[in-house]
Amino acid sequence: MAPVRTTGAVVAATAAISISMAVFSYFLLLKKTTSPLHSNKKKKPRNGVVDAIGNTPLIRINSLSEATGCEILGKCEFLNPGGSVKDRVAVKIIEEALESGDLAPGGVVTEGSAGSTAISLATVAPAFGCRCHVVIPDDAAIEKSQILEALGATVERVRPVSITHKDHYVNIARRRAVEANELAAKNKKASQVDGKDRDQMDGCTPDEEKENPGFSSLCNGGFFADQFENLANFRAHYEGTGPEIWEQTGGSLDAFVAAAGTGGTVAGVSKFLQEKSPRIKCFLIDPPGSGLFNKVTRGVMYTKEEAEGRRLKNPFDTITEGIGINRLTKNFMMAKLDGAFRGTDKEAVEMSRFLMKNDGLFLGSSSAMNCVGAVRVAKALGPGHTIVTILCDSGMRHLSKFYDAKYLSQYGLTPMASGLEFMSTK
């Protein structure tokens with residue numbers, strides 16, 4: 001029997017297979033070369049420390065997500081160059097002040113701060129050719145003052161008093177800016193009279209240095225940053241943090257929660273997110289001694305201590321630093337909030353240890369309180385929701401108080417929980 005001739009079919013099949021393999025190899029190679037892990041495209045370096053601020057990662061907090069059945073995400077603001085969310089605010093304040101002429105190049109930025117904003121201002125001010133003068137309450141963690149001094153800022157530590165007192169740290173900072181402007185005007189006038197070259201003396205005479213310690217080389221005027229009332233604070237988050245969260249979640253989030261000090265973060269983020277999608281719920285988590293919880297939930301600004309006639313000598317008698325306040329700031333009034341929750345010092349301390357043990361997150365007191373808030377929101381909304389909060393700074397600035405065993409034991413705050421049972425009663 002004659003053999004069947006299949007030469008043409010075999011050739012065609014072989015060719016088809018070869019073409020298919022070539023196409024497959026091409027797409028495999030294309031995928032490999034375009035993968036982020038194999039990309040040869042170089043990322044452009046950022047332009048200095050200012051350009052490195054923002055675009056922080058949004059991470060899943062695994063332990064809290066698994067415990068609540070929600071996706072709890074934290075915005076890692078502690079990865080900013082100055083170590084906190086306040087870097088954004090510092091840049092925005094200085095940029096706007098220079099643009100408006102309220103701050104002169106080479107001038108001094110003054111601020112009253114419990115720490116983080118001051119550190120951020122001291123970090124970025126030199127990048128703008130400016131200097132920093134900080135007034136800080138003397139009950140703030142000592143390492144914050146040490147960091148500020150290492151950054152080249154002038155630091156005044158003063159006793160904590162009511163904001164209505166002329167010597168409240170914020171009011172002193174405001175006066176220091178006025179004094180710097182007066183000194184600059186005095187130097188300018190003297191220079192015009194005697195014709196001496198003040199520029200060669202960094203703007204001051206030796207006599208003036210004795211009369212104005214702390215401003216001896218800061219005589220090109222002053223500017224009070226005013227983080228509580230300056231809406232550049234709000235704009236930093238409305239234009240930066242909020243849009244980043246929206247982009248990083250693809251708009252798929254159900255809630256945002258954060259504590260408030262100046263109110264800039266919670267206001268800027270909440271206003272942006274709710275403008276993008278009204279279905280996103282935004283909440284406040286408020287620490288002890290603060291009146292904001294009652295303002296949001298009842299429309300009345302008071303604390304439990306005030307209502308019972310037991311107001312403490314320091315109304316912000318809490319282990320958490322930088323959050324909680326007994327007045328409405330211009331920044332906070334921009335917030336769009338759906339509700340508020342209370343957090344306790346004990347919960348903040350326990351939460352910080354829980355996250356360190358289970359997630360490797362070494363967080364500061366306000367970050368821990370924000371995570372308490374995230375769990376509160378998760379329990380209120382139920383499983384299946386995505387909740388975002390702010391991880392403001394790390395624990396590195398809180399070693400002498402929030403992470404000091406002896407200090408905590410004095411106030412009955414020694415952490416003892418093995419899990420999240422400390423959250424079960426709220």
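Q: Which backbone nitrogen does the side chain of Glu-244 reach?
A: That of Asn-55, at 3.0 Å. That's a polar contact (a pair of N or O atoms within 3.5 Å; within protein, one must be able to donate a hydrogen and the other to accept it, and residues adjacent in sequence count only if both atoms are side-chain atoms).
Q: Before we go on, where do these values come from?
A: This is a predicted model: local features need pLDDT of at least 70, side-chain atom pairs count only at pLDDT 80 or more, and totals for chains, interfaces and linings use all residues. Residues are numbered from 1 along each chain as its sequence is written, and side-chain values use heavy atoms, with hydrogens and water left out.
Q: OK, where does Glu-244 lie?
A: In helix H9, residues 232-249. Helices (H or I, at least four residues) and strands (E, at least two) are DSSP runs, numbered from the N terminus.
Q: And is Glu-244 buried or exposed?
A: Glu-244 counts as buried because its relative accessibility is 11%. Buried means under 20% relative accessible area, exposed over 50%, and partly exposed in between (1.4 Å probe, protein chains only).
Q: What does Glu-244 touch?
A: Leaving out residues up to four places away in sequence, Glu-244 touches Gly-54, Asn-55, Thr-56, Lys-75 and Arg-88. Contact means heavy atoms within 4.5 Å.
Q: Which residue forms a salt bridge with Glu-244?
A: Arg-88 does, with the closest N and O atoms 2.9 Å apart. Arg-88 sits in helix H4 and Glu-244 in helix H9, so this pair links distant parts of the chain, 156 residues apart. A salt bridge here is a side-chain nitrogen of Lys or Arg within 4 Å of a carboxyl oxygen of Asp or Glu.
Q: Why would side chains pair like that?
A: Side chains of opposite charge can pair when their charged atoms come close.
Q: What about Glu-77 and Arg-88?
A: Their side chains meet in a salt bridge too, 2.6 Å from N to O. Glu-77 lies in the loop between strand S2 (71-76) and helix H4 (86-100), and Arg-88 in helix H4, so the pair ties together parts 11 residues apart in sequence. Both Glu-77 and Arg-88 are buried.
Q: Which residues are linked in the network?
A: Lys-75, Glu-77, Arg-88 and Glu-244, through salt bridges.
Q: Switching topic: how many salt bridges does the structure hold?
A: 19. One of them pairs Arg-279 with Asp-254, the closest N and O atoms being 3.5 Å apart.
Q: Are those two buried or partly exposed?
A: Arg-279 counts as partly exposed because its relative accessibility is 43%. Asp-254 also counts as partly exposed, at 23%.
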